[in-house]
Amino acid sequence: MKKEAGKRIKITGTGIYVPDKILTNADLEKMVDTSDEWIISRTGIKERRVASEDQATSDLAIEAGREALNSAGLKAKDIDLIIVGTSTPDTIFPSTGCWVQKGLGAGNVPAFDISAGCTGFLYGMILAEGLILSGAHKRILLIGGELLTKITNWEDRNTCVLFGDGAGAVVLEESDDESGMLSSYWKADGNLGELLYQPAGGSRIPATDQSVAQRLHYLHMKGNEVFKHAVKKMGEAAVEALKSAGLKKEDVDYLIPHQANMRIIEATGRRLKLPREKVFSNIHKYGNVSVASIPISIHELNEEGKLNKGNIVLMVAFGAGFTWAAVAYRW
Ligand code: ACO
């Protein structure tokens, strides 16, 4: 989708929260049959953050949301909608969005969750754009929060080395200048859902002694299959979003790919023929934090002082569903 000239939304505040506890590859070597060398060479991950037992996704999301509001110069009462992307909600219902609304003291603003796996943050931006440009809402707090370590099977070396916990948030408002969201592209393919999913806990397989014994409440993934689709679809989404913004590959100042695997990140950069320094990565310190990875990356890139006004930022994600999306953005 290309945006109507002059009307766009922009990010007016960012915030993140990651738990203090660090789990290194050396720690994982003591838990499963793996090695620091294997994990780094296959994924680029050196360490990840792990929430404490008493933390739920909303606890992380509230902290990130609070920081985003502060950086936008706003109070919780100033926002008129809360959207939380997550695959690890505090509870199936109420939504994590409602727990966040309570925690922030945001009043009775509507609040809900988006379930789109790692693509949830970009799905949320695209949704927020429609809601703001239609005039329905003015200031939206969009948060990606994930506590994947609580649905990780710590005996499965194929998955347990990959994931971490964290949250990132942005405040979105109508832009009053040239900056903001230029175009977007979003897709899904439900035929491939079982390549990456949490089989039990929903209405298909409710919780029973058997579902617990069979470890069906954990994340299940056919990693190498997911890998192939992720590389292809992230490349496709990046190219399509650029095309509908009327931009060329060489116009991109920063690519912010979902941080799933260093090899996927690099392949997406290669597809756009971007030099390595234009491809943002923080996977070495957080692992795959799913829907939180793009908002955390935007915040860090900005905090590092690397984003200048007018820079073109291309965000691209792929996740469970499968879902994939990209957003071209002028900072
Ligand atoms: N340590 C050591 N060996 C391991 C480990 C480990 N942690 N995990 C797997 N292996 C072994 C396998 O058992 C296999 O051994 P075998 O050949 O004896 O059977 C061998 O390594 C190769 O396994 P592959 O799965 O083929 O390894 P691959 O190179 O594909 O890397 C990985 C696996 C890292 C999971 C990769 O496929 C990947 O990153 N996939 C994408 C995952 C992803 O992006 N998921 C999320 C996208 S959506 C979201 O973010 C939620």
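In which sense do strand β12 and strand β13 pair, and over how many bridges?

Analyst: This is a predicted model, in which local features need pLDDT of at least 70 and side-chain atom pairs count only at pLDDT 80 or more, while totals for chains, interfaces and linings use all residues. Residues are numbered from 1 along each chain as its sequence is written, and side-chain values use heavy atoms, with hydrogens and water left out.

Strand β12 (residues 312-319) and strand β13 (residues 323-330) pair in the antiparallel sense over eight bridges. Two strands pair if DSSP finds at least two bridges between them; strands (E, at least two residues) and helices (H or I, at least four residues) are DSSP runs, numbered from the N terminus. Within this pairing, Leu314 stands opposite Ala328 in β13.

Both strands belong to an open sheet of four strands, with the order β8-β13-β12-β11 and mixed pairing. Because β8 (180-188) and β11 (254-257) stand at the edges, each with a single partner strand, one side of each is left without a neighbour in the sheet. On average, neighbouring strands of this sheet are turned by 10° against each other, direction ignored.

Helix α11 (residues 293-303) lies across β11 and β12, where contact means heavy atoms within 4.5 Å. The helix runs at about 150° to β11. Axes are lines fitted to C-alpha atoms, for helices over the stretch in contact, and angles run from 0 to 180 degrees between N-to-C directions.
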